[in-house]
Every structure is written in C-alpha cells, then in structure tokens.
Amino acid sequence: PKTSDSCCSSLVKFITEVSISNGAKETKEMNSVDYAEFARSILTNPKNRYYLIEPPEKASASRKQGMLIPLYDLPSMFDFVSLLRYFLLYLVAGPAPIPSDAESMREACVPETGKRRAGILLRLAWDLTLKSDVAQGRMRFFIHILTVPLLVWKLDEEALSFLLSPEETNSLIPPFISMILVFGEQYATNDQSLNTLLPSKDVPLELCPATNTQCLLANIVQIGRLCRQVNGSSSRALNFEWGCSYVDLLALLLDAIPIRTFSARETAVEWVSDGKGRLTPIVLSIVVLDQCKAMFVDSFVRSLVSCSTDAQSLGIDKTLQSKNDKDKQMEKELADEGGSSATNLAAKEARVDRNQSFWNSSRWARKMSK
C-alpha cells in the first residue's frame with residue numbers, strides 16, 4: 001500500500017515485458033490497464049494469483065522448465081529478492097545460470113536487453129526490500145544476489161553504478177559496501193559456517209559448475225575492483241575502514257572456497273556425492289575461476305598496497321633521510337646488481353659462501369673444495 005505509483009507502474013511494465021519476451025501473449029486487457037492500479041491490487045490482495053507468464057497447467061513440459069515461478073509460491077507475496085535471483089539465474093541469459101558460450105563470448109553472452117531488465121529489477125527490489133527491514137534486506141541481497149554467477153556481466157552499467165554510488169539515506173555509503181558491512185556484523189555473531197548461510201539448493205553443482213562461495217568471491221572481487229573506496233585507484237577516495245572489511249571478507253572467502261580454485265592447471269574439478277558413496281566429477285567453470293583469480297592481478301594488488309601504505313605514519317621519509325655510510329654502500333651494491341641475472345647472482349653468492357670461515361676451518365670442507 002505504501003508503494004508509490006511510479007514503482008507500481010515500473011513493476012508491472014517490467015513484468016509485462018518479461019512475460020512477452022518469454023512467449024506470453026499481450027492481451028487487450030493488459031494494453032488498456034492502469035499499471036499503477038493493477039500493481040496496487042496485486043500488492044494489497046494476497047489472494048490474487050498472478051503469474052509472470054501463463055499458468056503452469058497451460059504450459060507445455062518444455063515451457064515449464066524456463067518459466068517464472070508463480071508469485072504465490074514465493075516465500076512472500078512479492079519477494080523481490082527471490083524474483084530477482086531467479087531472473088538473474090535462469091532468465092537473463094538462460095536457461096543455465098552460466099551460459100554455455102560464456103567462455104568464448106565473455107560479457108557478450110548476456111543480451112543487452114536482459115542486462116537492462118535485470119538492472120531495473122535490481123534497483124526496484126533494493127528500494128522496496130529495504131523499506132521493511134534495512135539490515136535484513138541488505139543481508140538478503142548479499143546472500144542471494146551476490147552469489148549469482150557472473151553477476152557483473154548480467155547487469156547494465158547503470159545498475160553497477162547504482163551499487164557503487166553513495167546512498168544519501170545511508171550516510172553516503174554505497175550499497176555494495178553497506179552489504180559487506182552488514183554481513184561482517186551479522187556473521188561475527190553467527191555460529192553457522194559460511195557454506196550453510198549461502199543458498200545452494202536452487203543452483204546444484206550439476207546445473208551450475210561453480211560453488212556458491214566461488215561465485216560470491218568472483219562477484220566481490222569484480223565489483224570491488226570497480227569501487228573507488230576499496231580498489232586503491234585513489235588515495236583520497238580510499239576508505240581504510242571499508243577497505244579492512246573488504247579484505248576481511250576476501251580472507252574469509254579464500255578459506256571457504258574449494259582448494260582447486262587457484263589451481264595452475266587449465267581446468268579444475270570438484271567432486272559431488274550422491275549420498276550413496278558415489279562421487280561424480282564436475283568440471284568447474286573457467287570464467288568464474290578467472291574472475292576469482294583477478295584479485296591477484298599485479299596492478300590491482302600494487303594499487304592497494306600503494307594506497308594502504310601511509311608514508312607519514314610509517315616515517316619512511318625520516319628513515320630515508322637518516323641513511324649512514326653502510327646504507328649508502330648497500331644501495332650502491334643493489335643498483336650494481338640490478339642488471340645481473342638470477343643465475344649470476346646465485347653463482348656469486350656460492351663463491352662468497354665457499355670463502356667463509358667454515359670452508360677454511362673444516363678439514364672435510366677443505367678436502368671437498370680441492
């Protein structure tokens with residue numbers, strides 16, 4: 001009832017577009033309906049059973065696999081987070097959570113129309129979900145949306161900008177950072193493991209060849225590299241408190257992901273048990289693994305270290321100004337050796353080692369050196 005007419009209108013227009021794009025016929029009633037009034041009737045009457053496309057009993061077996069779930073089967077009448085998750089998993093580039101051509105097509109595997117629709121629904125879901133319970137809403141977004149595989153590819157630029165732009169209603173904290181902060185606060189007081197908190201039943205490994213922790217790490221890394229407050233691109237924009245929370249989350253995920261995630265081999269395999277002692281190998285998605293490995297890209301790590309190093313606090317300038325003759329001699333030696341290869345340096349160290357007192361005082365060592 002508190003939903004504005006503009007939100008209602010946007011919602012129903014979005015539902016209509018998705019319905020038509022998935023094969024549903026646009027009726028005369030839908031052409032002439034007042035979108036705001038129609039949406040308000042849905043939101044205020046829980047007995048209404050509107051589907052995003054035709055009802056299941058009228059759909060063929062092949063259509064049922066790709067159709068949206070009925071609204072009244074969602075956890076609540078309009079669970080926008082679940083609706084958004086389902087759309088991002090199976091409809092925006094469906095029918096699989098990870099498109100079969102993702103490795104070859106990269107970002108182009110998701111159509112631009114799907115990205116725009118996903119962005120509209122994300123902003124709408126964020127606004128409406130956070131009206132009831134802000135902290136719980138952010139926690140649900142973190143758990144259910146940031147675990148969608150290839151999330152950055154499935155959203156348009158406006159949606160990504162929305163996640164990274166400061167919120168005036170939340171102390172100018174971007175939605176992406178606010179989700180990380182809320183998760184850190186709630187996870188610290190929770191006895192459950194990370195794997196039990198994240199959803200997995202709707203995306204089994206046989207259907208989506210990437211674990212929920214891998215998808216979460218990939219999205220955190222990819223969106224984090226775009227976030228000026230934590231990516232180290234600007235020392236003025238870097239927020240050390242948010243950066244610490246971001247790095248803490250990365251450390252938590254590094255401990256939770258499968259050990260094969262950062263394998264040097266071209267492919268990695270995870271084993272799935274059927275509960276009867278039989279294990280089935282699943283080849284993990286290369287594109288998700290590549291997104292996870294982006295956290296170790298030299299430029300990313302270098303910029304983070306550069307911004308996080310406070311020369312004034314460490315007193316670097318003062319230390320460099322107080323160099324003695326020994327320090328200057330070592331600098332000169334390092335400069336001279338800078339052009340030498342590793343092999344030459346190793347040979348030189350070996351010659352120095354053989355001239356030490358051990359080789360001169362030990363009879364066995366003198367015998368070996370002859």
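A disulfide here is a pair of cysteine sulfur atoms within 2.5 Å, and a search of the whole structure turns up zero of them. Keep in mind that this is a predicted model, where local features need pLDDT of at least 70, side-chain atom pairs count only at pLDDT 80 or more, and totals for chains, interfaces and linings use all residues. Residues are numbered from 1 along each chain as its sequence is written, and side-chain values use heavy atoms, with hydrogens and water left out.

**The chain overall**

- The protein chain's secondary structure comes to 22 helices and two strands; helices (H or I, at least four residues) and strands (E, at least two) are DSSP runs, numbered from the N terminus.
- Of the 370 residues in the protein chain, 42% are buried (buried means under 20% relative accessible area, exposed over 50%, and partly exposed in between, with a 1.4 Å probe and protein chains only).
- Take the contacts in the protein chain with a separation of 6 or more: 66% of them are between residues 24 or more positions apart, with contact meaning heavy atoms within 4.5 Å.

**Cysteines**

- As a reminder, a disulfide is a covalent bond between the sulfur atoms of two cysteines.
- The sulfur of C215 has its closest cysteine sulfur in C208, and at 4.6 Å that is too far for a bond.
- C215 is buried, at 3% relative accessibility, while C244 is partly exposed at 47%.

- Helix α13 covers residues 212–224, which is 13 residues, and it reaches 18 Å from its first C-alpha to its last.
- That is close to the 18 Å expected at 1.5 Å a residue, where the expected span is 1.5 Å times one less than the number of residues.
- All the way along, α13 is covered: 13 of its 13 residues are buried, so the helix is largely enclosed by the rest of the structure.
- Over in α8, the buried residues are G137, R138, M139, F141, F142 and I143.
- Those buried α8 residues pack against α5 (80–91), α7, α11, α12 (194–197), α13 and α14 (240–256).

**Salt bridges**

- The structure holds six salt bridges, a salt bridge being a side-chain nitrogen of Lys or Arg within 4 Å of a carboxyl oxygen of Asp or Glu.
- One of them joins the side chains of R138 and E167, at 3.2 Å from N to O.
- R138 sits in helix α8 (residues 134–144) and E167 in the loop between α10 (157–164) and α11 (175–188), so this pair ties together parts that are 29 residues apart in sequence.
- Both partners are tucked away: R138 is buried at 6% relative accessible area, and E167 is buried at 12%.
- Leaving aside its neighbours within four places in sequence, E167 is in contact with W126, R138, L172, I173, P174 and P175.
- Another salt bridge links the side chains of E112 and K115, at 3.6 Å from N to O.
- E112 and K115 are three residues apart in helix α7 (residues 112–129), which puts about one helical turn between them.
- K115 counts as buried, with 10% relative accessibility.
- A further salt bridge pairs the side chains of E331 and K323, at 3.2 Å from N to O.
- E331 is partly exposed at 38% relative accessible area, and K323 is partly exposed too, at 32%.

**The two strands**

- Five bridges join β1 to β2 (residues 279–283), and the strands run antiparallel; for two strands to pair, DSSP has to find at least two bridges between them.
- Within that pairing, W271 has P281 of β2 as its bridge partner.
- In a regular strand the side chains alternate between the two faces of the sheet.
- For β1 (residues 269–273), E270 and V272 make up the covered face, while V269, W271 and S273 make up the uncovered one.
- The β1–β2 hairpin has five residues between the strands, and G275 takes a positive phi there, near 85°.

**The loop at N324**

- N324 is found in the loop between α18 (316–321) and α19 (325–337).
- N324 is partly exposed, with a relative accessible area of 41%.
- A polar atom of the N324 side chain lies 3.2 Å from the backbone nitrogen of K326.

Methods:
A polar contact is a pair of N or O atoms within 3.5 Å; within protein, one must be able to donate a hydrogen and the other to accept it, and residues adjacent in sequence count only if both atoms are side-chain atoms.
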